[in-house]
Amino acid sequence: MQRLHGVGPHLAARLEKLGIQCVQDLLFFLPLRYEDRTQIVPIGSLRPGQRAVVEGEIQLTEVVYRGRRNLLCRISDGTGGLILRFFHFSRSQQDGLARGKRIRCFGETRPGTGGLQMIHPEYRLLGDTDLAIDDTLTPVYPTTEGLQQGRLRNLTRQALQLVSTGELEEWLPARILDAMKFPGLLEAVTMLHQPPADTDFQAIQEGRHPAQRRMAFEELLAQHLSLRRLRRKIRSEPAAALVDPGAAVADFIASLSYVLTTAQQRVVVELLDDLAKEKPMMRLVQGDVGSGKTVVAAVATVCAAACGRQSAVMAPTELLAEQHAENFRQWLEPLGLETALLTGATKGKTRQQMLEKIADGQVRIVVGTHALFQESVVFDHLALIVVDEQHRFGVHQRLALREKGGGDGRCPHQLIMTATPIPRTLAMTAYADLDVSVIDELPPGRRPVTTVAMPESRRHELVSSIRDACLSGHQAYWVCPLIEESDVLHYEAAEKTADMLAEALPELSLGLVHGRMKSKDKHRVMQAFKEGEINLLVATTVIEVGVDVPNASLMIIENAERMGLAQLHQLRGRVGRGSEQSSCLLLYKPPLTDLAKKRLAVLRETNDGFKVAQADLDLRGPGELLGTRQTGLMQMRIADLIRDADLLPEVHKTATFMMKERPDAVDGLIRRWVGEADRFGKV
């Protein structure tokens, strides 16, 4: 970095926070989006929400008091007027914006009381000579505190001037560049940091420009190669072979009050085969909501316990951890196996006693949240890790848990479960280090949930439906996206809705759960709902995963048009868990966008999670198929697994070719895009 002008120790430390340690790192630190500052827009043609460069003459600057001090500056260019508004300003800034001076500003236009305005725009005062307009689109980078966009742009310009073609290794095979019509590396990098004024602005904003596609391909390839390499490496490490020495697994399966489905039996065989090997199992079990993944995981923990080993079962929320612990206790205590629950709510003497029992091996099965990672938690012989909804955990957390099992030099087996079905091409990339099992069958007796979309104007009909359903012995959910009312997002808030429903339905018992409640209060309400003491549960999306109340047969979801398909499907999965016919009603605020119409249509047409997932991928809506962290491992810089899914088949083929023919290029690609992060693939 010393080759760059103005980079001292202080700036270098800030750049390091962004993962920038050398000149090449700057070139691969790619913009999040772009701004078009290549043309001056007449003020009279501005529209609300438009980000634009304008020029005008200052007509009036004044300080006004509207709740707090504002500096208002009115400008005009002959086609129209615009107000510049500043909440934070100095006396010298106020004096500088004098009447009669010419000014050029850039910002977002918003409606105001006196017409359109820009709040805290970037601006420069113009002298006698005209200031040149930008000849490239302006990149906007991800940044950190104390590191402004201008500084990053300046450093990137310097880096581009310094670097030559020879310094940027071209790791992609020439035949791929030709076949995919990708630009060369230096050309692509230059284009992304300094797009010419005539660049297709829509395409580059949406990540569809050929230079972006080329870089996305390279990044997906690097991630895929790193996972395949890690798979090979982990398979070479030793693990404890877990073979049931007696009939514990058979006894457990026989003790269940139902027969496992054919799909569950198939996956159990795959798990037991993996566990019996002296190399670590790395298996992902995909199954739709309600397909019975948890009982399959319990089979694996019984096998480990029969071999005198421990299992850790990790869930993303306390609610789900508590439910898993309750299920495991019901299933396993009759077999003489104790299950411990360890969450952030486990305190004091109870916690200390539990930690002692885990450390000396008295407890074979430990269920918990991220509390399982804490240093104070020491296992005796941890041989199996079960992670539910893996993508909800950070990579460092999962790594910490895995390393708790390495005390005797042997790696723990890992079983990862997800109720978010992932189309095959995506799974091959996101989970290239895992074997994949699919539970593609629901337990017998389950009826498909009837799904209906209706405008919120028909809310009164729903209140009547809830009364009828609950008075006939059923239970219902009413899901709201936010806890409190918001002026910005006109969502129906859970608390307001609960008050409204309590008033409209005095004959029913009503409960409220949301993420800000204390764990014990949340648990108390959920337990009361489970035991039938509460007829109607008003909730935020905290109930999205894992809550199992077979008697609940009606689900109402507010503002369904604003949610992604995967989340809506998860929420719908909270009903239809008993033998009664269940319904899911999607309330929306018209008018619907085309995308929202398509999403709601998918849910009305199918209950199959794999079809829902494929539709989510096809629609490329904001419903995140792999969760907000993508896969936890894949913190992408430019690629997007949904948007760039069409590149994946070629990524897989190229990876196979390069591992055989170009191992040197494999190293280079992984270093460039993944760096040290590939060690996290162990989880």
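Start by selecting helix 12, residues 318-332: at 1.5 Å a residue its 15 residues should span 21 Å, and its end C-alpha atoms are 20 Å apart, which agrees. The expected span here is 1.5 Å times one less than the number of residues. Helices (H or I, at least four residues) and strands (E, at least two) are DSSP runs, numbered from the N terminus.

Before moving on, note that this is a predicted model, in which local features need pLDDT of at least 70 and side-chain atom pairs count only at pLDDT 80 or more, while totals for chains, interfaces and linings use all residues. Residues are numbered from 1 along each chain as its sequence is written, and side-chain values use heavy atoms, with hydrogens and water left out.

**Stay with helix 12.** Colour it by burial and you will find that 11 of its 15 residues are buried (under 20% relative accessible area; exposed is over 50% and partly exposed in between, with a 1.4 Å probe and protein chains only). Among the buried ones are Leu319, His324, Phe328 and Trp331. Now show Thr317 at the start of the helix: one of its side-chain oxygens comes to within 3.1 Å of the backbone nitrogen of Leu320.

**Next, the rings.** Rings of Phe, Tyr and Trp (its six-membered ring) pair if their centres lie within 6.5 Å; planes under 30 degrees apart count as stacked, over 60 as edge-to-face and the rest as tilted.

The structure has seven aromatic pairs. Select Phe86 and Tyr123, an edge-to-face pair at 5.8 Å centre to centre with 70 degrees between the planes. Phe86 is in strand 4 (residues 81-86) and Tyr123 in strand 7 (residues 122-126), so the pair ties together parts 37 residues apart in sequence. Phe86 counts as buried at 2% relative accessibility, whereas Tyr123 is partly exposed at 27%.

Then go to Tyr477 and Phe529, also edge-to-face, with 5.1 Å centre to centre and 65 degrees between the planes. This pair joins strand 17 (residues 475-479) to helix 18 (residues 519-530), so it ties together parts 52 residues apart in sequence.

**Last stop: Arg153.** You will find Arg153 in helix 4 (residues 149-162). Arg153 is buried yet has no salt bridge, and the nearest side chain of opposite charge, Glu35, is 4.5 Å away. A salt bridge needs a side-chain nitrogen of Lys or Arg within 4 Å of a carboxyl oxygen of Asp or Glu; Lys and Arg count as positive, Asp and Glu as negative, and His and the chain ends are not counted.

How values were computed
A polar contact is a pair of N or O atoms within 3.5 Å; within protein, one must be able to donate a hydrogen and the other to accept it, and residues adjacent in sequence count only if both atoms are side-chain atoms.
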